[in-house]
Amino acid sequence: MSVGAGPRSEADFFRAPSNCCGNGRQRCCKHHAVGFDTRAHTIDIPEPPTEGAGPVSIDSNVAEVTAKAKVLLEALPYIQDFRGSTFVVKYGGSFMDDPDPTVRARVTYDIAFLSAVGINVVVVHGGGKAITRAMEESGLKANFVKGLRVTDEATIAIVKKTLDEIVNRDVCEALSAAKAKPKGLPGDTVLVCQKLETDEEGNAIDLGFVGEVTEVKVKLIKKEIADGFVPVISPVAEGYDGKPYNVNADVVAGRVASALRARRLFYMSDVPGLLSAPPDAATLISTLKISQVDDLRKTGVIDKGMRPKVASAVRALQEGVQRVHFIDGRLAHSLLLEIFTDKGIGTEIVHG
């Protein structure tokens with residue numbers, strides 16, 4: 001377990017890792033080990049001219065353009081490795097409700113970038129805050145039992161309309177603005193569930209129209225991928241009775257990733273990742289093995305808020321997903337930083 005790495009800033013995307021030899025004469029780190037050229041791709045970005053300075057020289061312009069080219073070359077081995085792979089992204093967190101459109105757009109541009117370089121991205125979005133607002137506007141009070149929303153017949157109608165017609169549409173519009181090709185998929189067209197009857201401790205529970213995903217209609221999702229789209233799935237499933245059910249978006253993301261045999265599964269939230277001493281971001285656990293999860297759960301490091309995510313992550317790994325990542329959706333370009341840098345910026349859970 002690697003503890004204390006801390007989140008990396010956006011500028012770290014443009015630097016070789018701290019353990020890099022710096023001269024390219026040895027395979028000192030992942031930077032060199034994954035590439036065909038063992039020269040270090042360190043980048044010297046020129047400082048902007050100070051106020052009142054003379055005209056920028058041609059050499060300065062060339063240096064700036066060359067620096068940008070080096071960034072692309074640094075990412076090249078990763079792009080070549082991941083091209084054609086499937087990544088599932090659980091799209092959620094406070095950034096979805098940020099009033100600043102620039103903040104809301106950061107993640108969608110990351111997804112558009114991944115799609116543009118040949119990675120098959122599937123998005124599963126949340127929308128709990130939007131549902132609560134819609135219920136309040138309808139005069140209904142949101143009730144929760146052990147963190148799960150009680151969903152009666154009136155509530156499920158609001159849940160489905162909000163997720164399918166508002167949140168899903170907003171995510172698709174944001175992706176379209178980033179020049180991606182999203183395809184909104186109401187969850188109950190690709191997900192089947194049974195009514196949730198027990199909580200995570202095995203105790204009987206009745207939350208109304210709340211379900212547990214039992215089937216993912218893989219062919220429908222793969223068809224959209226084959227047609228060049230980025231599927232965007234809402235967390236609603238069709239029950240055995242033909243009615244819509246509210247399902248946990250974290251669990252949906254894990255089940256979709258498992259069904260698609262995704263290479264990577266990303267959970268975006270409002271924390272840097274798993275912290276050994278929360279809320280101290282300096283105690284970020286950069287890598288965690290499946291065998292270490294139980295101990296962290298018992299000691300409270302994995303709290304109740306993270307348990308559904310971690311449980312879904314472990315199940316996804318056991319069912320064929322190669323790696324699962326927890327990253328901070330509030331950090332600019334966190335997806336790109338996690339994928340295309342040596343140390344990453346979040347927590348990855350791996351086999352072992």
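Select Phe87 and Phe266: both are buried. This is a predicted model. The two rings form a tilted aromatic pair, 5.6 Å centre to centre with 55° between the planes. Phe87 sits in strand S2 (residues 86-91) and Phe266 in strand S12, so the pair ties together parts that are 179 residues apart in sequence.

Next, pick Phe209 and Tyr245. They also make a tilted aromatic pair, at 5.3 Å centre to centre and 55° between the planes. Phe209 is in the loop between strand S7 (191-195) and strand S8 (211-216), while Tyr245 is in strand S11 (residues 244-246), so this pair ties together parts 36 residues apart in sequence. Phe209 and Tyr245 are buried.

Now show Tyr78, Phe113 and Phe340, which form one aromatic cluster. The structure holds six aromatic pairs.

Move to helices H6 (residues 218-226) and H7 (residues 249-260). They pack at an angle of about 80°, with axes 10 Å apart. H6 and H7 are therefore roughly perpendicular to each other. Show side chains at the contact: Val218, Ile221 and Lys222 from H6, and Val256, Ala259 and Leu260 from H7. By class, that contact has five nonpolar residues, one charged and no polar.

Finish at helix H9 (residues 307-318). Its 12 residues reach 16 Å from first C-alpha to last, close to the 16 Å expected at 1.5 Å a residue. Which residues of H9 are buried? Colour Lys309, Val310, Ser312, Ala313, Val314, Ala316 and Leu317. Their cover includes H7, strand S12 (264-269), helix H8 (293-298), strand S14 (323-328) and strand S15 (347-350). Just after H9, stop at Gly320, which takes a positive phi of about 120°.

Conventions. Residues are numbered from 1 along each chain as its sequence is written. This is a predicted model: local features need pLDDT of at least 70, side-chain atom pairs count only at pLDDT 80 or more; totals for chains, interfaces and linings use all residues. Side-chain values use heavy atoms; hydrogens and water are left out. Axes are lines fitted to C-alpha atoms, for helices over the stretch in contact, and angles run from 0 to 180 degrees between N-to-C directions. Helices (H or I, at least four residues) and strands (E, at least two) are DSSP runs, numbered from the N terminus. Angles under 35 degrees count as roughly parallel, over 145 as roughly antiparallel, 65 to 115 as roughly perpendicular and the rest as oblique. Contact means heavy atoms within 4.5 Å. Ala, Val, Leu, Ile, Met, Phe, Trp, Tyr, Cys and Pro count as nonpolar, Asp, Glu, Lys and Arg as charged, and the others, Gly among them, as polar. The expected span of a helix is 1.5 Å times one less than its number of residues. Buried means under 20% relative accessible area, exposed over 50%, partly exposed in between (1.4 Å probe, protein chains only). Rings of Phe, Tyr and Trp (its six-membered ring) pair if their centres lie within 6.5 Å; planes under 30 degrees apart count as stacked, over 60 as edge-to-face and the rest as tilted.
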